[in-house]
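Reader: Hi! Could you walk me through this structure, one topic at a time?

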Protein chains: 2
Amino acid sequence: MLIVGELINSSRKPIAEAIQAQDAEAIKKVAKEQYEAGAHYIDVNAGTFVGKEAEYMEWLVKTVQGATDAPCCLDSPDPKVIERGLAVHKGTAMINSISLERERFEALVPIISGTDLKVIALCMSDEGMPETKDQRMKIADKLINLLVQKNVKIENIYVDPLVQPISTNSIFGVEFLNAVEEIMERFPGVHTICGLSNVSYGLPMRKLLNQNFAVMAVAKGLDALIINPLDKRMMANLIAAEALVGRDQYCMNYLKAYRENKLDV
Amino acid sequence: MLIVGELINSSRKPIAEAIQAQDAEAIKKVAKEQYEAGAHYIDVNAGTFVGKEAEYMEWLVKTVQGATDAPCCLDSPDPKVIERGLAVHKGTAMINSISLERERFEALVPIISGTDLKVIALCMSDEGMPETKDQRMKIADKLINLLVQKNVKIENIYVDPLVQPISTNSIFGVEFLNAVEEIMERFPGVHTICGLSNVSYGLPMRKLLNQNFAVMAVAKGLDALIINPLDKRMMANLIAAEALVGRDQYCMNYLKAYRENKLDV
């Protein structure tokens, strides 16, 4: 299971303040904590700083990679911001994200074409956000095929079927889960990823919903997540879930986590 | 989601002692607690009392139904024990369980044929316990068809694909989960049920595995469980899981559970 740590995002107040103040220590701390908690990629987003996003992206990448060995997940729809981050990035970055929206696709695809970059491919088109499994499949199909045609290796594509709130429509959870399953079946080698928090929007006890939805998505084949890796119950649940679906031979990772006292939360 | 409370089982020491001493109050207490925690059926099992099982089954049914309005799940492979329990049972009981093992099938089928009894149908045959999804499907297919031929309504059949420990073989979890999904797809109207505890046999932190496996099985379509309903985290997870797969319109049950303080465990 690939974990992208989501905490370094300028939409979060303490992060925005640290970016504004160029407080490298504060950013490094959050990067380190996430890495030590099991994040494989550290998401970096400076999207709220209009006009300064590219500059701050460069600073975030340098700062995060000054504190950890983890690669970054460069989080911006703007190719200029992505390029600025890539220019200073060490190792193989992940791009968050491309979509089937024409302008976004055409602007970003030259950056990733023919490279080893990993890319999050949102199931979003110019017609908007999909609601049903079939709408997601239609977009995923086109997007995966276009990316492969543009020399992106299928194993570097992380399709995000886009979670929508069950408080809006009770079928939104199951339509997402079924899309994950069908994408993993129909496109061998591709990955699926998502952020979770939308699913619980408008409801109380959001963590309980997010934690359980993550586990359900793993049951359906999801193999990457954008989450807060400092949520200990989430991480324990995911370690258990991986063992339960046979992704943890001899339960070795589960037993290691047990010995390291990571399961009893 | 149909919940069968599993606690009144003579393999548990305090229950064996209460049965032996004919301590009705002790049994009633466990029945009531399970019912109030959300169990729809109360499992009753006196299987360790060889020679007295039928007599104790009768007493258990009377005792449990003297304390709660819940129907019982009569838990024995012995048709004589089941009949003795049924003779005093009020309402529609569940039978736990029939299987494709020839002797067991032929002894039990006359009791349930043409009735409204619910029946747990174990994916077990004279060739033993299945390991793969395909072995389970073969047994489930025969068993469901035979039961329907014998005048058992498909909506009264609860197929148990039989959980096996992931510590024995890491694929045992996923083979079970995929069987649940295929049974629910191929036999519209049928239910799937299971006990969970085998999945975590031989591993530490068994509750964590059981709780997550339950949620994963719900994602795959499972709609009944034999569990300890006093496990508050398990129950909270299941309420969340039901909302997440669209079985809880407008999340009304989830919101009710939140107001009753059942989610924050």
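Author: Happy to, and let me start with a term: contact means heavy atoms within 4.5 Å. Helices (H or I, at least four residues) and strands (E, at least two) are DSSP runs, numbered from the N terminus. This is a predicted model, in which local features need pLDDT of at least 70, side-chain atom pairs count only at pLDDT 80 or more, and totals for chains, interfaces and linings use all residues. Residues are numbered from 1 along each chain as its sequence is written, chains are lettered from A and ligands numbered from 1 in the order in which they are written, and side-chain values use heavy atoms, with hydrogens and water left out.

Reader: Thanks! Which residues of H8(B) and H9(B) meet?

Author: From H8(B) there are B:Asn210, B:Gln211, B:Ala214, B:Val215 and B:Val218, and they meet B:Arg233, B:Met234, B:Asn237, B:Leu238 and B:Ala241 of H9(B). By class, this contact of H8(B) with H9(B) has six nonpolar, three polar and one charged residues. Here Ala, Val, Leu, Ile, Met, Phe, Trp, Tyr, Cys and Pro count as nonpolar, Asp, Glu, Lys and Arg as charged, and the others, Gly among them, as polar.

Reader: And at what angle do H8 and H9 of chain B pack?

Author: Helix H8 (residues 206-219) and helix H9 (residues 232-244) of chain B pack at about 20°, and their axes are 10 Å apart. H8(B) is therefore roughly parallel to H9(B). Axes are lines fitted to C-alpha atoms, for helices over the stretch in contact, and angles run from 0 to 180 degrees between N-to-C directions. Angles under 35 degrees count as roughly parallel, over 145 as roughly antiparallel, 65 to 115 as roughly perpendicular and the rest as oblique.

Reader: Is the crossing of H8(B) and H9(B) left-handed or right-handed?

Author: The crossing of H8(B) and H9(B) is right-handed. A crossing is left-handed if the near helix is turned anticlockwise from the far one by less than a right angle, and right-handed if clockwise.

Reader: Nice. Over to chain A: how do H4(A) and H5(A) sit, and what is in their contact?

Author: The axes of helix H4 (residues 79-88) of chain A and H5(A) come within 9 Å and cross at roughly 20°, so H4(A) and H5(A) are roughly parallel to each other. Their crossing is right-handed. A:Pro79, A:Ile82, A:Glu83 and A:Leu86 of H4(A) meet A:Ala107, A:Leu108 and A:Ile111 of H5(A). The contact of H4(A) with H5(A) divides into six nonpolar, no polar and one charged residues.

Reader: What about H6(A) and H7(A)?

Author: Helix H6 (residues 133-149) and helix H7 (residues 172-186) of chain A pack at about 35°, with axes 9 Å apart. H6(A) passes H7(A) in a right-handed crossing. By class, the contact of H6(A) with H7(A) has five nonpolar, one polar and six charged residues.

Reader: Now the sheets. In what order do the strands of chain B come?

Author: Eight strands of chain B form an open sheet in the order S7-S6-S5-S4-S3-S2-S1-S8, with parallel pairing. Strand S7 (191-192) and strand S8 (224-227) of chain B stand at the edges with a single partner strand each, so one side of each has no neighbour in the sheet. Two strands pair if DSSP finds at least two bridges between them. Strand S1 (residues 2-5) and strand S2 (residues 41-44) of chain B pair in the parallel sense over two bridges, and B:Val4 stands opposite B:Tyr41 in S2(B).

Reader: And which helix lies across S2 and S3 of chain B?

Author: That is helix H3 (residues 53-65) of chain B, running at about 170° to S3(B).

Reader: Last one: what rotation superposes chain A on chain B?

Author: A rotation of 180° with 0.0 Å of shift along its axis does that, at RMSD 0.0 Å. That is the relation of a two-fold axis. The C-alpha of chain A nearest the axis belongs to A:Met216, 2.5 Å from it. Copies are superposed by least squares on the C-alpha atoms of residues with pLDDT of at least 70 in both.
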